[in-house]
Amino acid sequence: MSTLRQDTIATLRKHLPNTASGCVEAIIREVPGYDREFGDTLRANIEAAVAMALAAFLDTLGDDGDTTSATAMRTGAYRLGQGEAETGRSSDALLTAYRVGAREAWTHFAERAVAQGESAASIASLAAGTFAFIDELSVESLAGHTAAMTARTRELARRRDQLAAAFVAGDQPDTLEHLAERAHWNPPRTLTALALTGDAPAAVASAVGERALWSRTPDGSPLVLVPDLPPGNRARVLAACATTTAALGPTLAWSRAAESVTRARRALRFARVSEPADADTLLPELILDADPLVAQMLRERALAPLADVSEAKRAVLAETLLAWLLHHGRREEVAEALHVHPQTVRYRLGTLREHYGDTLTDARTGLELTLGLIADRSRTPQ
């Protein structure tokens, strides 16, 4: 129980409007986030709320030590914390406001208690009680602020999940814009899909950035939509996927993200662990993969001249022919690509000419052979 006399408590209560006004003025003056002019009505309401809180504290100092209004104030403090979170102010600003308000309230209380002739012990007891009460309110407000921020974070995460799912589903741009606004997510200029077959390594989160949207494909596979991925960063993202099977789709306008998703998922067929696939470097494979019948016909036509050789030798000759076509007949480059001696390349080319004859010099045939051999190489994931 307080050692203050009842007449002192009555005096403190009488001057509560001035005390509350001083608290609000100090908070506006000293606390970032509150340093703006309130409208007359809003400021009057805030000052009234502060006065009510301090009145609840003074109630606890009376002869009966009434704590009913103090309990109500704690509930109000919790709701205040929730409201501050909704306005976007941080808990640091809120707690600072409490400290400044407590200091200002104590200054007013102390001046009047001294004027009333209270003893040093009584004033010390008043100080301890004042700051303890404000601490209790600040704890309640912090709890309310934390709860509101947690709920807000979860809600935003849920809305971002909805947005990511809409991108994967290929929803219309106006729907995507609406969902992006609800998720507080500003659409980037471009999006790039990253498809994976297993859980994403921790390094992926760092490589794609915090604005990336995470989702899953209809079959449950992880999918990431990376905003504004610079061309030079594609290799870094793929390197982060080295411990899983992954494929990166093309970078397209954000409203066309579903196309990037489709191509990334198709490119997964050409990826393997430690060798993620980049759809931008697999355009011929993806074209052939889109029409399996055409791919089969080109493959069979390309390999037909090698029908009479063993399967193992046919594979070696087909690999050599494709390298020769891709490197425009430059023997040294072919040898380097195949990791063999140039003389070995020369021997194999002689064998190939025996089987293919003059068709190797025909441009149209060269194109068909190239596509057919790529289709043959793509039959089994690399």
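L196 stands opposite A246 in β4, where strands (E, at least two residues) and helices (H or I, at least four residues) are DSSP runs numbered from the N terminus. The model is a predicted one, in which local features need pLDDT of at least 70, side-chain atom pairs count only at pLDDT 80 or more, and totals for chains, interfaces and linings use all residues. Residues are numbered from 1 along each chain as its sequence is written, and side-chain values use heavy atoms, with hydrogens and water left out.

Strand β1 (residues 190–196) and strand β4 (residues 246–253) pair in the antiparallel sense over 6 bridges; two strands pair if DSSP finds at least two bridges between them. Both strands belong to an open sheet of 5 strands with mixed pairing, in the order β2-β3-β1-β4-β5. At its edges lie β2 (213–216) and β5 (277–278), each of which pairs on one side only. Helix α6 packs on the sheet, touching β1, β2 and β3 (222–227), and its direction makes about 65 degrees with that of β2. Contact here means heavy atoms within 4.5 Å. Axes are lines fitted to C-alpha atoms, for helices over the stretch in contact, and angles run from 0 to 180 degrees between N-to-C directions. Helix α10 (residues 257–267) lies across β1, β3, β4 and β5, and runs at about 155 degrees to β4.

The largest nonpolar core holds 36 residues, of which L58, F109, L126 and F133 touch the most other members. Such a core is a set of buried Ala, Val, Leu, Ile, Met, Phe, Trp, Tyr and Cys residues joined through side-chain atoms within 4.5 Å; buried means under 20% relative accessible area, exposed over 50%, and partly exposed in between (1.4 Å probe, protein chains only). At least two residues of this core come from each of α1 (6–14), α2 (16–30), α3 (40–59), α4 (68–87), α5 (91–115) and α6 (120–169). The largest share, 11 residues, is that of α5. Apart from this core lies another, of 29 residues, among them A166, A247, A257 and V261.

Helix α3 also contains A49, which counts as partly exposed because its relative accessibility is 41%. A49 and E311 are 262 residues apart in sequence and 88 Å apart in space, C-alpha to C-alpha.

Helix α11 (residues 283–290) and helix α12 (residues 292–303) pack at an angle of about 110 degrees, with their axes 5 Å apart. The two helices, α11 and α12, are therefore roughly perpendicular, a term for angles of 65 to 115 degrees. In this contact, L288, D289 and A290 of α11 meet P292, A295 and L298 of α12.

Methods:
Angles under 35 degrees count as roughly parallel, over 145 as roughly antiparallel, 65 to 115 as roughly perpendicular and the rest as oblique.
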